[in-house]
Each structure stands twice: as structure tokens, then as C-alpha cells.
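Subject: Handing over the structure

Hi,

Here is the structure I promised to pass on.

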Amino acid sequence: MSTTTENRTPILSARGVHKRYGNVTAIDGADFDLYPGEILAVIGDNGAGKSSLIKVLSGATIPDSGTVSLDGEEVRFKSPLEARKAGIETVYQDLAVAPALDIATNLFLGREKRRAGPLGSVLRMIDHKGMKAEADKQMKSLQIGIRSMSQAVETLSGGQRQGVAVARAAAWARKLVIMDEPTAALGVKESAQVLELIKRVRDNGLPVILISHNMPHVFEIADRIHVHRLGKRVAVVDPKETSMHDVVGIMTGAVVHDLEHPDEHDGAGGSRAASAEPGAEQAE
Amino acid sequence: MTQPQTQTAAGGGTGSGGQSAPPAGETGGGRTTPKVSGDRVAQLGPLIALLLACVFFTTQSEQFLEPGNFSLIIQQVMVIGTLAIGQTLIILTAGIDLSCGTVMALGSIVMTKLAVDSNVPPVIAILLGIVTCAAIGFLNGGLVVGLSLPPFIVTLGTFSIALALTHIYSKDKTISSLPSVMTKLGETFKIGGTAVTYGSLVALSLFALTWFVLKQTTWGGRVYALGDSPEATRLMGIPVKRQLLMVYVVAGVIYGIAALLLVARTGVGDPNAGQTDNLDAITAVVLGGTSLFGGRGTIIGTLIGALIIGVVRNGLVLMGVASIYQILITGILVIVAVSVDQIARKRG
């Protein structure tokens with residue numbers, strides 16, 4: 001699988017992304033590639049800048065410089081809403097579902113299906129039946145065994161709740177799904193259910209970016225692993241060919257991985273100069 | 001360690017031998033079902049309380065069941081009921097509005113004084129009164145949304161502001177000899193021998209309209225979502241701030257309608273009206289089963305809650321109980337309702 005990715009065009013990629021907050025460089029010339037049909041895990045130590053990178057990809061942060069391309073075309077997301085409109089959905093770790101609302105309502109939150117004709121367009125009436133039917137179809141296609149779509153989300157187990165969040169993202173995403181620590185709040189058994197679900201999302205045709213701290217989870221389902229360190233990508237490894245021990249070594253800097261930028265310090269110096277440029281242009 | 005074992009053994013013994021196992025299984029299965037039935041009880045609770053109150057007062061007073069009495073209860077309760085509609089919307093967003101009563105009083109003084117003292121055409125005066133209430137709703141919402149202030153404090157402030165403005169503008173005088181347009185809604189017509197005011201019809205229609213909006217439209221659905229989980233609602237791209245501001249403005253408009261109903265019912269613009277109505281409105285909402293934590297509740301519940309207040313007050317009057325005891329009982333009712341809500345949530 002790792003050999004075939006070389007010839008394909010990435011569905012989402014980033015080149016030379018920089019982001020600074022005051023004196024802190026959060027992203028320091030990071031590159032990124034997600035290919036169709038894969039689960040790409042993004043790992044890195046706390047403060048490595050992986051969440052900053054993900055925020056750029058999901059539209060929550062506007063980078064100082066660098067490019068992001070979706071399907072080979074450059075995109076500039078100004079908000080998560082724009083990224084979502086472009087077909088990128090995000091699943092958040094803290095279960096961004098409304099507990100008192102039912103499953104169907106949660107799946108359509110913010111994108112309610114309205115009744116046909118003037119009832120929908122003028123009176124803005126919700127099509128409860130249609131929403132339930134579509135929710136049922138979506139949950140079945142992902143093999144999430146929940147009987148009633150009118151069940152309140154709070155009556156579900158933690159794993160099932162995250163299942164609702166994943167199903168929602170998968171239902172609306174046209175290009176890819178970003179999952180930010182989707183198993184962080186879950187127990188062992190529930191995590192296993194969600195991991196299976198993530199695989200099914202991939203198998204149904206949506207590539208997945210998985211941000212996780214949990215190495216066993218990453219090695220269980222990732223097709224490739226993007227290792228982030230000191231604000232940039234330092235390695236992309238195949239979990240079948242690399243040991244967990246080595247990946248942790250790359251992550252912490254104990255093992256220097258030979259990739260595009262063998263010399264970290266030089267890259268960092270260059271990036272500072274690059275990130276200063278836009279500001280200078282604006283001043284003139 | 002051994003004690004629990006002997007207890008189960010003793011339990012098995014009393015259960016006459018082999019039949020002790022199936023009951024244990026039944027209780028295990030029973031644990032999953034109460035969630036659904038518990039919800040149903042939560043919805044039925046207010047209605048049962050209302051019926052129990054009616055049954056109780058029927059046994060205490062012969063006058064209670066007379067049709068004229070029901071008409072009276074409805075007339076008495078409709079102003080508070082209308083305030084409680086606006087209050088329901090705000091409580092559903094996990095907010096609270098302490099200003100509703102004095103805002104209504106301000107609206108009623110604005111519309112009556114403009115019409116009587118300033119010779120503004122009555123219909124325009126009514127609209128300006130409603131606009132005044134909406135403006136204070138906008139102020140409440142703006143402060144809650146814009147500065148992230150707690151609704152409790154903001155509306156405590158506007159409670160006093162509206163109270164003061166009412167007295168300043170009216171110069172503490174009751175405004176009477178109102179144009180007939182303003183008291184029209186206080187007039188009655190007969191349904192099967194029972195006199196019903198037009199105002200009651202307006203209030204009931206407002207309940208029906210609010211039910212429709214909350215249950216059937218995207219706007220209403222988002223009110224629930226906002227109160228249930230503002231974070232999830234925001235993450236899903238719903239403009240949370242605009243929605244919340246709208247709720248406060250809409251509530252203000254509803255208080256303006258309540259002001260008109262109040263004027264129509266009493267026939268005057270009274271600067272001292274509405275000062276304790278905020279607690280009555282909140283009581284009606286809470287008795288109706290709406291959670292103070294937001295996101296859960298129904299407008300039908302609020303109607304029932306308002307009727308409970310009306311029935312209890314009316315019944316106590318018929319029984320000859322002093323009015324201070326009515327206030328005492330209302331206070332107890334709120335605490336009971338909130339406690340029941342809290343206990344039900346913890347179990348579910």
C-alpha cells in the first residue's frame with residue numbers, strides 16, 4: 001500500500017506551512033499529504049504542533065504562509081465552515097453531540113432537512129420523518145446497531161455517542177474526515193468499536209486523518225503514520241514495517257529520521273525568514 | 001465478605017427454592033426500561049399534578065367546578081402564561097429572565113400613556129409599547145451574548161431599570177380612560193355558557209404558535225440545541241450568538257403582547273403591575289417540567305404549569321385561605337418541581 005501512494009495524487013496536501021503566535025512558532029514549514037482510501041495517523045509529542053497543523057487543514061487557523069491543496073487545487077479556508085463546505089468534516093474528541101437531542105436531530109444539527117415546498121422554504125419546517133429515515137440508513141451503512149433514531153443521544157453508551165459523531169462526519173464529508181483524538185474519552189471496549197467504525201468509514205471510500213496519542217490504536221488501524229516534531233513533518237512511516245519503539249524514537253527526537261529535511265536547524269532558520277515576509281509586504 | 005453471601009442465601013430461602021433466579025433476572029432487565037417510562041412520567045407529571053389539584057379543590061369548594069370559575073382562572077392566568085412563553089424560550093437556552101414582569105409593566109405604561117396623554121393613535125401606541133419591550137429584550141440579549149454576562153445578573157439589572165423607567169415615565173400615576181381598542185381583548189364571548197375573553201384566545205394562540213415553532217421549525221430546533229450543548233451547536237456551524245440574541249428579542253415581543261393583555265384585562269395602565277410576575281412566570285415554566293439547565297422542556301408543559309398556578313390560587317381563595325399562604329404555597333411548589341426535576345435527571 002505504501003508503494004502505490006507514491007504514484008497517486010494526494011486528496012489533501014500542504015507545503016511549507018508556517019504559523020507563529022507572537023514569538024512562538026507553532027508550525028515551522030510543515031508538509032502534509034493524505035492519499036485517497038487511507039487512514040493517515042498524525043502523531044507527535046505534546047507541543048509538536050500537530051493540532052496547529054490540523055487546525056490549518058480544517059480551516060480553524062489561517063496559516064501565515066504555505067499552501068494547502070484539496071484535490072490538487074489550492075484552497076484558503078478562512079473558517080471551519082468553509083472547510084466543511086469544501087467537503088472536510090471533523091470529529092472532535094470531546095463528543096460534540098447534544099445529549100438531550102435525538103440521534104437524527106444530532107446528525108442533521110445545523111443542516112436540518114426541511115419539508116418540501118413552501119412548508120420548508122417559507123415556514124422552515126423540519127422534515128422529521130425524512131431525517132430519521134436518512135439517519136437510519138447512515139447508521140446501518142456503518143453497521144452501528146442502534147434501533148431508534150428518535151432515541152436521545154444521552155441514552156447511548158460513550159462508544160455509541162462517538163459513533164453518532166463519526167456517522168455525522170461521514171455522512172456530510174465529501175472529501176475526507178479529520179478525527180481529533182476520537183477515542184481519548186472512551187474505555188477499551190468502546191475504543192475498539194470506534195476504531196472498527198473508522199475502518200468502515202475508510203472502506204466506504206472516505207480517507208481519514210486520525211490524530212491520536214494512543215500508539216496501539218494508531219498501529220492497529222493506520223495505513224501510514226505522519227510523525228510531527230518541532231512544528232513540522234519529520235517522517236512518514238508504514239506501521240507494518242516500523243516498530244512502535246522506533247516511531248516513538250522519531251517522535252521524541254531520539255532517532256533522527258532521514259526525510260526531505262535532514263537538517264532541522266537550517267529549515268527552522270529559513271522558515272523564520274519566510275514567515276517574516278508577509279508582514280514586511282503589508283508594511284510597505 | 002461472608003455477610004452478603006448469607007443474605008442472598010436467606011433471600012433464596014424465602015423465595016421458596018428454585019424460583020429465586022428468574023426474579024433476579026427480571027430486575028436486571030427492568031433497569032434498562034425505566035429510562036423511557038421515566039421520560040414519559042416527566043412529561044405526564046405536570047398534567048397529573050394539575051388534575052390532582054383540580055380534584056382536591058373540587059372536594060373543598062362547590063364553586064370550583066362552575067363554568068364561570070374556569071373562565072376566571074383562565075383570565076387570571078393568561079397574562080402570567082404569556083410571560084411564561086417568553087420565559088420558556090429563554091430557559092430552554094439555559095438562561096433566565098427576571099425582568100419579564102417589569103418589562104411588561106413598562107410596555108403597558110408606554111402604550112397607555114402614549115395613547116391617552118400624547119394622543120398617539122391607539123394601534124401605533126400598542127406597537128410602540130411592544131417595540132419598547134423588544135428593545136429591552138435586545139438589551140438583555142446583547143449583554144448576555146456580547147459580553148458573556150450571566151443572564152441572571154443582566155436581567156436583575158434590567159428588572160430594576162424597567163421598574164424605574166415605568167415609574168419615571170408614568171410619574172407614579174395610573175393611566176385610565178383608555179381608548180376602546182386597548183380594552184377590546186378584555187371583552188368576552190360565550191362558548192357553551194362559559195364567558196371567554198378574546199385575550200385568552202390570543203394567549204392560547206400564542207401557545208399554539210410557539211409549540212409549532214419549537215417542534216416543527218429549524219429555528220425552534222436550534223433553541224433546544226443551543227440550550228442543550230452550545231459547544232456542539234457552535235461546532236456544527238450554527239450562528240449561536242445571533243440565535244441567542246434573537247431568543248431574547250422574541251421573548252421581549254411576547255412580553256409586549258402580555259402588556260397588551262394586561263391592559264385589556266385591567267382596563268388601566270398600572271405602574272405597579274408585574275413586579276412579582278417574574279417569579280410566577282419562572283414557576284409556571286419549572287412546574288411545566290422545563291429544565292433550568294436548558295435544552296429540555298415543552299411549551300405545553302408551561303401552559304399546564306401556568307394553569308396549576310391559576311388553579312391553586314383560585315382554589316385557595318375559594319377555600320378562604322389568606323393570600324400570604326398562597327405565596328407560601330407557590331414558593332413550596334417551585335422547590336418541589338425543581339427537586340423532582342433534579343432527582344429525575346440524576347436517575348436517568
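A word on naming before anything else: helices (H or I, at least four residues) and strands (E, at least two) are DSSP runs, numbered from the N terminus.

Some housekeeping. Residues are numbered from 1 along each chain as its sequence is written, while chains are lettered from A and ligands numbered from 1 in the order in which they are written. Do keep in mind that this is a predicted model, where local features need pLDDT of at least 70, side-chain atom pairs count only at pLDDT 80 or more, and totals for chains, interfaces and linings use all residues.

Back to chain B. Is B:Ser177 buried or exposed? It counts as exposed, because it has 8 C-beta neighbours inside 10 Å. (Buried means 20 or more other C-beta atoms within 10 Å of the residue's own, exposed means 12 or fewer, and partly exposed is in between; C-beta atoms are placed from the backbone.) B:Ser177 and B:Thr112 are 65 residues apart in sequence, and their C-alpha atoms are 9.4 Å apart in space. Chain B as a whole has 15 helices and two strands, and 46% of its 348 residues are buried. Taking contacts in chain B between residues at least 6 apart in sequence, 77% join residues at least 24 apart; a contact here means C-beta atoms, placed from the backbone, within 7 Å.

Where chains A and B touch, each contributes 19 residues. On the chain A side these are twelve nonpolar, three polar and four charged. (Ala, Val, Leu, Ile, Met, Phe, Trp, Tyr, Cys and Pro count as nonpolar, Asp, Glu, Lys and Arg as charged, and the others, Gly among them, as polar.)

Now for chain A. Its domain assignment (bounds come from an automatic or database assignment) gives domain 1 (4-97 + 163-283) and domain 2 (101-151). Twelve residues of domain 1 and ten of domain 2 make up the contact between these two domains of chain A. Which element gives the most to the domain 1 side? That is H6(A), with seven residues. The residues on this side of domain 1 are eight nonpolar, two polar and two charged.

Chain A also has an open sheet of four strands, ordered E2-E1-E4-E5 with antiparallel pairing. Strands count as paired if DSSP finds at least two bridges between them. At the edges are E2 (24-34) and E5 (73-75) of chain A, each pairing on one side only. Strand E1 (residues 12-21) and strand E4 (residues 65-70) of chain A are joined by five bridges, and A:Ser13 stands opposite A:Ser69 in E4(A).

Last, look at strand E7 (residues 176-180) of chain A. Five of its five residues are buried, so the strand is largely enclosed by the rest of the structure. A:Leu176, A:Ile178 and A:Asp180 point one way, and A:Val177 and A:Met179 the other. E7(A) pairs in the parallel sense with strand E6 (residues 88-91) of chain A over four bridges, with A:Leu176 as the bridge partner of A:Ile88. Four bridges also join E7(A) to strand E8 (residues 208-211) of chain A, again running parallel, and A:Asp180 stands opposite A:Ile211 there.

Over to you!
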